[in-house]
Amino acid sequence: MNKDKIYSEPLANIANFSFDAQVADVFTDMIERSVPGYRSIITMIETLTEHYAQPGSTLYDLGCSLGAATLSMRRGVAVEGCKIVAVDNSAAMVERCRNAVARDHTQTDVEVVCADIRDVEITNASVVVLNFTLQFVPPEARGQLLEKIGQGMRPGGVLILSEKVVFADDHLNGLLADIHHDFKRAHGYSDLEISQKRSSLENVLVPETIPTHRERLLQAGFSSCDVWFQCFNFMSMLAVK
Ligand code: GEK
């Protein structure tokens with residue numbers, strides 16, 4: 001696995017974070033050392049898929065990056081006639097995701113699409129994954145996207161929504177942000193790397209509170225939703241259609 005050193009040297013100008021080839025080349029290392037609980041969520045997506053995938057339905061991985069969740073879903077499908085559609089708007093990610101899918105020999109067809117998830121039609125879905133992707137969609141577009149997803153889902157289907165979150169309580173918010181930085185330090189990131197990455201993500205990754213996510217999901221037509229996993233300021237919710 002290539003080691004993420006993108007922010008290890010002082011940068012004169014810190015550009016907005018983008019999912020280019022440089023990031024795609026080190027992405028697995030970057031996300032595993034940056035997102036507490038990421039591996040657990042990926043593993044559990046297999047279990048959740050096993051529970052929720054309906055025969056003859058489509059499973060979507062929206063913002064698939066290198067396909068970690070796609071392959072976890074693929075391993076979890078235990079019913080006939082399913083297909084998986086994995087979508088990302090980064091050409092560098094899509095190319096590497098297609099290679100990862102080709103190297104994996106689990107059954108179930110996977111189509112990897114290079115597109116904005118706001119432009120993709122969702123139909124006949126039983127499992128939809130937004131694993132740390134909605135946070136990169138402009139907040140004003142999030143409601144419409146979730147409504148479209150809800151409308152394209154079968155009754156009893158599930159949306160798995162994982163996000164970095166903030167907390168309304170200032171003390172708790174600061175504490176969990178500090179603990180997240182401790183986590184990154186413990187995984188080998190320097191203070192310089194942490195602060196340069198934080199600057200590059202400013203206004204690119206926009207986290208919201210758990211109640212904001214919950215209310216929007218209910219408004220978008222999901223009947224039940226709540227958090228099934230949380231580690232510091234990172235969480236994953238289930239929303240059932
Ligand atoms: C994983 N789910 O490993 N349309 C399509 N793709 C998008 C959009 C958009 N509007 N916005 C962002 N992306 C993955 C990890 S990473 C999370 C997801 C992170 C894509 C973007 O190109 C990137 O590949 C992914 O969403 C977010 O389980 O880096 O924190």
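This is a predicted model: local features need pLDDT of at least 70, side-chain atom pairs count only at pLDDT 80 or more; totals for chains, interfaces and linings use all residues.
Residues are numbered from 1 along each chain as its sequence is written. Local features need pLDDT of at least 70 and side-chain atom pairs count only at pLDDT 80 or more, while totals for chains, interfaces and linings use all residues, and side-chain values use heavy atoms, with hydrogens and water left out.

To start with the ligand, 19 residues surround it, and Tyr38, Gly63, Ser65, Asp88 and Asn131 are the closest (near means that a heavy atom of the residue lies within 4 Å). This shell splits into ten nonpolar, seven polar and two charged residues. Here Ala, Val, Leu, Ile, Met, Phe, Trp, Tyr, Cys and Pro count as nonpolar, Asp, Glu, Lys and Arg as charged, and the others, Gly among them, as polar. Tyr38 has a side-chain N or O atom 2.6 Å from an oxygen atom of the ligand, and a polar side-chain atom of Asp88 is also 2.6 Å from a ligand oxygen. Asn89 comes in with its backbone: an N or O atom there lies 3.2 Å from a nitrogen atom of the ligand. On its own the ligand has 660 Å² of accessible area, and the protein covers 94% of that (Shrake-Rupley method, 1.4 Å probe).

Next comes helix H5, residues 139–151 (helices are DSSP runs of H or I with at least four residues, strands are E runs of at least two, and both are numbered from the N terminus). Its buried residues are Ala141, Arg142, Leu145, Leu146, Ile149 and Gly150; buried means under 20% relative accessible area, exposed over 50%, and partly exposed in between, with a 1.4 Å probe and protein chains only. An α-helix has 3.6 residues a turn, so residues three or four places apart point the same way. The buried residues of H5 pack against strands E1 (58–62), E4 (125–131), E5 (153–166) and E6 (208–209), plus helix H8 (210–219) (contact means heavy atoms within 4.5 Å).

That leaves the two single residues. Glu46 sits in helix H2, residues 38–52, and counts as partly exposed because its relative accessibility is 25%. Leaving aside residues up to four places away in sequence, Glu46 touches Ser72, Arg75 and Gly76. Its C-alpha atom is 5.0 Å from that of Met73, 27 residues apart along the chain.

Asp104 lies in the loop between helix H4 (91–103) and strand E3 (109–114). Asp104 counts as buried because its relative accessible area is 16%.

Key:
A polar contact is a pair of N or O atoms within 3.5 Å; within protein, one must be able to donate a hydrogen and the other to accept it, and residues adjacent in sequence count only if both atoms are side-chain atoms.
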